[in-house]
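Please examine the following protein with its sequence and its three-dimensional model side by side. The paragraphs below proceed from the overall plan to individual residues.

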Amino acid sequence: MVLLPSLGRRRTTACWLIADVDGKRDGTDGTKDVNMEDSNIADSGDAVVTIWLENIITTEKRWLPKHQRNDTQATPKEKFLAVLNKITPERFDILANQVDRQEIGTKECLREIVDLIIGRATSESLYCSVYAQLCSRIGHISVPSMAVNLRSLIIERYQEMFHNLIKFPPIQSSRLIMSDKWCNVKARKTAFNLMTFGGELFNAKIIRLSMLHEFLMALLAKQDNHFFIECFCTLMTVVGTEVDSMPSEQLQLNAYFETLNAIVTNNTLLPIVKFKILDLIDLKKNNWIPRRKIQTPKKLSEFKRTNLR
């Protein structure tokens with residue numbers, strides 16, 4: 001017999017649900033009366049609800065705390081989520097090998113893993129490079145019975161999210177109520193993180209150069225919307241060093257910056273957008289060396305060396 005506290009509607013501090021989880025006792029049918037003295041609760045002014053429940057039926061797939069679960073009970077999605085929660089540059093190789101040994105049974109399970117990666121990357125811009133390296137490392141993981149792997153699903157999912165962003169950008173208006181403004185800020189941050197992750201996927205040799213140009217030109221084609229210019233600057237900041245190192249891409253790169261020079265002369269341009277363009281132009285002139293040090297994930301040894309002097 002278990003006494004379960006529950007909030008009451010009267011002035012009483014609590015009601016009590018009395019559940020029999022052990023079945024019949026002393027030859028009774030599980031409906032033995034319990035008075036207030038037996039339950040050690042309030043005075044006569046408090047209310048007591050006595051409810052006897054049937055034996056609790058358990059199933060093989062019931063929920064269990066983590067410390068009571070076996071590894072065989074965890075799904076591939078749960079195992080991969082545990083890896084994402086622990087991944088750092090220092091533990092990258094160990095955790096990537098754990099993921100590499102996992103067996104994926106269905107395409108839906110592989111899609112869930114892809115959604116986990118992109119979801120983390122769009123919410124944690126600092127670790128975009130780590131997640132892109134993880135995609136490059138485990139990109140060959142596939143479903144045995146299907147000709148599809150994680151790399152192709154990552155590209156497919158990223159293209160889908162990019163085109164959805166082009167069709168439905170965040171609303172920019174001063175008439176939004178506070179809750180809508182908060183959702184708008186969150187949507188803009190997610191979009192900029194998506195651009196950063198796309199650039200890191202290109203640097204990790206997952207997204208092809210032709211696909212990158214498709215993204216960049218699609219953003220510049222929407223230059224009437226200042227939001228897409230900011231997205232272009234964010235993406236180009238990540239991939240600029242790699243693209244500029246290719247001699248065959250110099251003409252196309254110069255064409256992009258000629259367009260930016262024309263845009264920056266527009267008097268209707270928002271100051272924040274104008275300064276982003278000017279920062280990108282200065283970054284290219286400085287051989288893609290940023291004026292401020294960019295924060296990146298560090299190993300513990302590097303952190304101690306730089307901070308504990």
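Read along the sequence, the elements of this predicted model follow the pattern β-β-α-α-α-α-α-α-α-α-α-α-α-α. Of its 309 residues, 36% count as buried. Among contacts with a separation of 6 or more, 69% are made by residues 24 or more positions apart.

The mean pLDDT of the protein is 81, and 76% of the residues reach 70 or more. Among the elements, helix H8 (residues 209-221) has the highest mean pLDDT, 96, while strand E2 (residues 15-19) has the lowest, 44. Over residues 6-39 the pLDDT stays under 50, and for this stretch the model has 69 contacts beyond four places in sequence.

The interior of the protein may be approached through its nonpolar residues. In soluble globular proteins, nonpolar side chains tend to be buried together. Here, the largest nonpolar core has 76 residues, of which Phe-197, Met-236 and Ile-277 touch the most other members. The element that gives the most to this core is helix H9 (residues 226-244), with 11 residues. When neighbours within four places in sequence are left aside, the contacts of Met-236 are Leu-216, Leu-253, Tyr-256, Phe-257, Leu-280 and Trp-288.

Helix H9 also holds Cys-233. Is this residue buried or exposed? Cys-233 counts as buried because its relative accessibility is 4%, under the limit of 20%. Beyond four places in sequence, Cys-233 touches Lys-276, Ile-277 and Leu-280. Leu-280 is also in contact with Met-236, and Ile-277 is one of the core residues that touch the most other members. The C-alpha atom of Cys-233 is separated by 9.6 Å from that of Phe-192, which is 41 residues away along the chain.

Thr-196 belongs to helix H7 (residues 178-203). With a relative accessible area of 15%, Thr-196 is buried. Apart from residues up to four places away in sequence, Thr-196 touches Cys-128, Thr-234 and Val-238. A separation of 8.5 Å is found between the C-alpha atoms of Thr-196 and Thr-237, which are 41 residues apart along the chain.

How do the helices pack against one another? On the H6 side, Ile-155, Tyr-158, Gln-159, Phe-162, His-163 and Ile-166 take part, and they meet Met-211, Glu-214, Phe-215, Ala-218 and Leu-219 in H8. The residues of this contact divide into 8 nonpolar, 2 polar and 1 charged.

Two residues of the loop between helix H11 (271-285) and helix H12 (300-307) deserve attention for their backbone geometry. Most residues other than glycine have a negative phi, and most peptide bonds are trans. Asn-287, which lies in this loop, has a positive phi of about 60° although it is not a glycine. Trp-288 is found in the loop between H11 and H12 as well, and its phi is also positive, near 65°. Their surroundings can be compared through accessibility. Asn-287 is exposed, with a relative accessible area of 61%, whereas Trp-288 counts as buried at 9% relative accessibility. Trp-288 is among the contacts of Met-236.

Two charged residues complete the survey. Lys-86 lies in helix H2 (residues 76-86) and counts as partly exposed, at 44% relative accessibility. Leaving aside neighbours within four places in sequence, Lys-86 is in contact with Arg-91 and Leu-95. Asp-115 is placed in helix H4 (residues 107-121) and is likewise partly exposed, with a relative accessible area of 39%. The C-alpha atoms of Asp-115 and Leu-153, which are 38 residues apart along the chain, are separated by 9.5 Å.

Definitions and conventions. Residues are numbered from 1 along each chain as its sequence is written. This is a predicted model: local features need pLDDT of at least 70, side-chain atom pairs count only at pLDDT 80 or more; totals for chains, interfaces and linings use all residues. Side-chain values use heavy atoms; hydrogens and water are left out. A nonpolar core is a set of buried Ala, Val, Leu, Ile, Met, Phe, Trp, Tyr and Cys residues joined through side-chain atoms within 4.5 Å. Buried means under 20% relative accessible area, exposed over 50%, partly exposed in between (1.4 Å probe, protein chains only). Helices (H or I, at least four residues) and strands (E, at least two) are DSSP runs, numbered from the N terminus. Contact means heavy atoms within 4.5 Å. pLDDT is the predictor's confidence in each residue, from 0 to 100.
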